[in-house]
Number of protein chains: 2
Amino acid sequence: MRHLRFLSALAREADTKIVLLVLDGVGDVRTAAQPQSALDLATTPNLDALAVAGALGRLTPILPGVTPGSGPGHLGLFGYDASEPDFDIGRGVLEALGLGLDFGPEALTARGNFATADDDGNLTDRRAGRIPTEECRRLCAKLDDAVDRVEGVTVQVEPGESHRFVLILRGEGLSAELTDTDPQQLGVRPLPVAAASLNGEATAARVAAVIERLHKVLADEPRANRVLMRGFSKLPDIPQLGDLYRMRFGAFAGYPLYRGVAAACGMEVVECGKHLDEVVDAVRPRWQDFDFFFLHVKQTDAAGEDGNLRAKADVVEEVDRHLPGLLALEPDVLAVTGDHSTPALMKAHSWHPIPLLMRGPLVFVDDTTAFDEGQAVRGHLGLLRSRELMGMLLAHGDRLAKFGA
Amino acid sequence: MRHLRFLSALAREADTKIVLLVLDGVGDVRTAAQPQSALDLATTPNLDALAVAGALGRLTPILPGVTPGSGPGHLGLFGYDASEPDFDIGRGVLEALGLGLDFGPEALTARGNFATADDDGNLTDRRAGRIPTEECRRLCAKLDDAVDRVEGVTVQVEPGESHRFVLILRGEGLSAELTDTDPQQLGVRPLPVAAASLNGEATAARVAAVIERLHKVLADEPRANRVLMRGFSKLPDIPQLGDLYRMRFGAFAGYPLYRGVAAACGMEVVECGKHLDEVVDAVRPRWQDFDFFFLHVKQTDAAGEDGNLRAKADVVEEVDRHLPGLLALEPDVLAVTGDHSTPALMKAHSWHPIPLLMRGPLVFVDDTTAFDEGQAVRGHLGLLRSRELMGMLLAHGDRLAKFGA
């Protein structure tokens, strides 16, 4: 928090545009089993030209060796020390924010799955056959109509994609110190909601009553006759980016989770598609509305999670092709990086530092000639923690005053 | 402590073996006066092959510019922030642990030298002619028999090597806030034990009485007629490695101090010789008993302290020859580094970053081709604090869960 306050105190306004392009999970490895990273494999003339004209460096997401989830990974990129408990954003909150829901700091949120149980109440499908989104909407409307208020708790049920929904509860003194009801296995009953600490005891009983009522309404459903709840949480009190840095922040991300993190940090979330050309199409008409643009491309991570190195390289090449459209907007500062590495070899997020590329009139032009992990080791930007990137972006955008006389 | 707790909360079990080979004081310098480091001078085909197959980096022991003693140097390698007062391990405790003594957190320990004083009580030899270890054992037994309890303080005297011994005192309310009695010069009397703070005042008088009694028992000795005490200390409350990281830690070190630090951190200390082949011979039969192996080679530091660059390079070459024996055990993760630099040019420990070598299936294969300080600058592992190494070892050993969703 100290780092944040320090930087915030130096922030000043300027007539500059900063673009942070996040290629989710773009970092990769070179090992005996996978001699090339996705960036090595990809042909990227535009990214390479940026490396020639700018500088490379690397980001350690949280701490050396620590693999972040997407939430902490992005919090770091937005300048927060995600290892501080103050900045812990629960899954319920992320999901609700990602759906664009506006709820206050008092609301208790949770992610829900519709699920199927047999006549004995034991789970036979934790996702209710992955029902279509349309069906999910019908079920949520049914619940929302039938259940209004239980034991002083107001109930709101909002549909997500497929079998997913969000539960928003409002009432006096609701605590988020609750355990999940998803047993993470079949052949057993959903777990009762319980208190994760003393603070949660009174709330647990009330939420259990809510869930019981939801189950009654769903009793006649052939598939979606249960709900499984996870990630009970309330909006954390995160210092808002606009207040911290005196800029207007716009988030352009095609997936709910990233929109959720951005919204929790105070960015305005703008609807957009999932490919960079669509993202840039959404940015273009809003270019005058923001000073800082967070652009998110998910498919690098998805290909990494699939273990498909070639597909990951293809996504990078697609990004590279659409880069001129972004450059045509003439951002003063452009940074390209990721929230974490997702080596195709590992089919998972990892701790490996993420290559970082920056271009701007005051970026030291180093000797790097291509955007890849190997060259990034010898880039002028060095090895930073992700949360330190914000200071560099502000500085290169002429948005930080001198510290001290 | 926060870093430690954060990492600990992510630690998970895995079926992997991690080896940390510490070449004490291996780091060295290149200067006008000494154009090659010991690693430059040494011919090390096996270490170089590891560099080719793995990655290099560097460790800053405590803070840039800070030269650590062996205790803090190793605490850093074991993941602790040695600059925190909580982790201050006194010399008495280190010596006692190094001798394999089992004493509780209540015992007050100190290192002792047998010394010689003339008829006026002035010191003529601070090491009593470096008496043989056999003689030391006789003297300690004599003291231990003759002195049992003084002013409510139970007295235990344990022999070390040559003129060294350890004093262990037990009793109500003993404080470690005491000054040394070794005046560090000849021709003067031993210093009286004094309180280093208000807390130590009551204890100082009682310990002074103990020492007076010891001197009475030694009065008829021709050489060892005095004791000089240093490093009064009690076992600090250090979070134990096994609890922190859910691994079984084995320490293989030939010298008491390193065994002492390892034991204070919760490692099981295994008897072994002082050369790497002997150390590996001790590791081999215990390979199934531990998950993390701390292996210590002292002679690099000793040669550095002697200012003998060639001897230091010879030790490195000897280590290199015995490396295949270690590799034959097939550790999943192998790290080779030092606890600090001991440049031959300086004949002393220094603050210079220490080269780090890591090999494992998920180690990013960088462009380095030899294990030396110069190449380490451009290694993929970058410049870490020593205390950050533990997270990297755990991560590469698949022993850290993802942080956040």
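I looked up A:V22 and found that its bridge partner in β11(A) is A:H296. The strands concerned are β1 (residues 18–23) and β11 (residues 292–297) of chain A, which pair in the parallel sense over 6 bridges; strands here are DSSP runs of E of at least two residues, helices are runs of H or I of at least four, both numbered from the N terminus, and two strands count as paired if DSSP finds at least two bridges between them.

I note that this is a predicted model, in which local features need pLDDT of at least 70 and side-chain atom pairs count only at pLDDT 80 or more, while totals for chains, interfaces and linings use all residues. Residues are numbered from 1 along each chain as its sequence is written, and chains are lettered from A and ligands numbered from 1 in the order in which they are written.

I then followed the open sheet of 8 strands in chain A, whose order is β10-β9-β11-β1-β12-β13-β2-β14, with mixed pairing. Its edge strands are β10 (268–270) and β14 (382–385) of chain A, each pairing on one side only.

Next I compared the copies: a rotation of 124° with 0.1 Å of shift along its axis superposes chain B on chain A, with RMSD 0.3 Å, by least squares on the C-alpha atoms of residues with pLDDT of at least 70 in both. The two copies are thus related as by a three-fold rotation axis.

Last, I checked the contact, which takes 23 residues from chain B and 26 residues from chain A, where contact requires C-beta atoms, placed from the backbone, to lie within 7 Å. On the side of chain B that touches chain A, α14(B) gives the most, with 4 residues.

How values were computed. Contact = placed C-beta atoms within 7 Å.
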